[in-house]
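I opened my notebook today to look around a new protein model, one stop at a time. Come along and check each entry against the picture.

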Amino acid sequence: GDFGVKRHTDQPEPGDSYRGDNLILVDVGANKGQTQKFALKLLTALLTKRDTMTAMVLSYEPAPATFKLLEKEVGAFKKQLPEDSRLTLASYEKGLGERAGMELLHVAAAGDQAASFSLRKARATGKLAPREEVQVEVVTVDDELNRHLQIEWPPMGRGAPITDIVVVKIDTEGWEDRVIRGMAAGLKANAYAAIVWEWCPQKMAKGSLRLQVTTMAAHGMLTYVVGTAVFLRLYANEPALWEAGGMETTTKTLNLLALPLDSPVNARIEHNLLLCAPY
């Protein structure tokens, strides 16, 4: 289809909430804590701006040697926080997936950013160092939110509104599908204020991008491809995006963002940033 373009006039200012004052960032595939460095700057600014807000960063890294590096980094971050800080940091030596259990992780060395549960990834990248297989614990995002926030997921869909601002970042080297399936209860309950993840054609099965977009749409979420200056809104039922020559023929990794339909960020993207959308 054709693409409409809207040019940006201003950058959205982070921190305005349409939910509550408790923000939780779930960092899935935290590696050595690279996301935390960025998150700490942003969250410190938010907490300064809003004196009623609290924040929690939950970081998950399954590779044992890499987790030690993450723990060291988190420990250093904690030392920077004042005693009365409203920011909580926690790290866990676990993977995230579709269900709780044990899984084989393919990993080369401490800090290996290509470590993956996915054999597709391990076999597709010939330049990687030899992989070691390690049995690691896997949990689900739903279960971890239940544990930390005492959320009782409604069995048949949406129950009481989730007032926490839950943001999930996923970088799992081809395992993103499984992580998203482990978020089913939260998706049904409209628990997630934002989900950020990668889709890489070399690591993901054919048709997986459309399936992910369809999953988000089925739970009332809009999905965008996020570029440096462009947001592309994806529609699961837009033929031009998925037919021959469509989105899944790209060889580039796509950074994806899903937002609930009622999120005010959608309007900010549409009106303040450069937005491309098929009409």
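Below are my entries, from the whole chain down to single residues.

**Entry 1: ground rules.** I noted that this is a predicted model, where local features need pLDDT of at least 70 and side-chain atom pairs count only at pLDDT 80 or more, while totals for chains, interfaces and linings use all residues. Residues are numbered from 1 along each chain as its sequence is written, and side-chain values use heavy atoms, with hydrogens and water left out.

**Entry 2: the whole chain.** I looked up the helices and strands and found nine helices and 13 strands in the protein chain. Both are DSSP runs numbered from the N terminus: helices are H or I with at least four residues, strands are E with at least two. Next I checked burial: 49% of the 279 residues count as buried. Buried means under 20% relative accessible area, exposed means over 50%, and partly exposed lies in between (1.4 Å probe, protein chains only). Then I looked at contacts, meaning heavy atoms within 4.5 Å. Among those between residues at least 6 apart in sequence, 78% join residues at least 24 apart.

Entry 3: I asked myself why strand β9 is described as largely enclosed by the rest of the structure. Six of the eight residues of β9 (residues 192–199) are buried, so the strand is largely enclosed. I then looked for its pairings, where two strands pair if DSSP finds at least two bridges between them. Strand β8 (residues 165–170) runs parallel to β9, and five bridges join them. I found Ile170 bridged to Trp197 in β9, and Lys169 bridged to Val196 in β9. With strand β12 (residues 254–260), β9 pairs in the antiparallel sense, over five bridges. There, Glu198 has Asn255 in β12 as its bridge partner.

**Entry 4: strand β8.** I saw that β8 is mostly covered too, with five of its six residues buried. Strand β2 (residues 22–28) pairs with β8 in the parallel sense over six bridges. One bridge I could trace goes from Asp27 to Lys169 in β8.

**Entry 5: an open sheet.** In which order do the three strands of the open sheet stand? I read the order as β5-β7-β6, with mixed pairing. β5 (95–96) and β6 (101–107) stand at the edges with a single partner strand each, so one side of each is left without a neighbour in the sheet. β5 and strand β7 (residues 132–139) run parallel and are joined by two bridges. In β7, Val139 is the bridge partner of Leu96.

**Entry 6: two packed helices.** I reminded myself that two packed helices are described by the angle between their axes and the distance between the axes. Helix α1 (residues 34–49) packs with helix α2 (residues 64–80) at an angle of about 15°, with their axes 10 Å apart. The axes are lines fitted to C-alpha atoms, for helices over the stretch in contact, and angles run from 0 to 180 degrees between N-to-C directions. I therefore wrote down α1 and α2 as roughly parallel to each other. Angles under 35 degrees count as roughly parallel, over 145 as roughly antiparallel, 65 to 115 as roughly perpendicular and the rest as oblique. The contact involves Gln36, Lys37 and Leu40 of α1, together with Leu70, Glu73, Val74 and Phe77 of α2.

**Entry 7: two residues with positive phi.** Glu173 has a positive phi of about 55° although it is not a glycine. I found Glu173 in the loop between β8 and α5 (176–181), buried with a relative accessible area of 9%. Asn190 also has a positive phi, near 55°. Its loop lies between α6 (184–188) and β9, and Asn190 is buried with a relative accessible area of 18%.

**Entry 8: Trp242.** My last stop was Trp242 in helix α8 (residues 239–242). Is Trp242 buried or exposed? I found Trp242 buried, with a relative accessible area of 15%. Not counting residues up to four places away in sequence, Trp242 touches Leu209, Arg210, Val213, Tyr235, Ala236, Met247 and Glu248. Trp242 and Arg210 are 32 residues apart in sequence and 7.4 Å apart in space, C-alpha to C-alpha.
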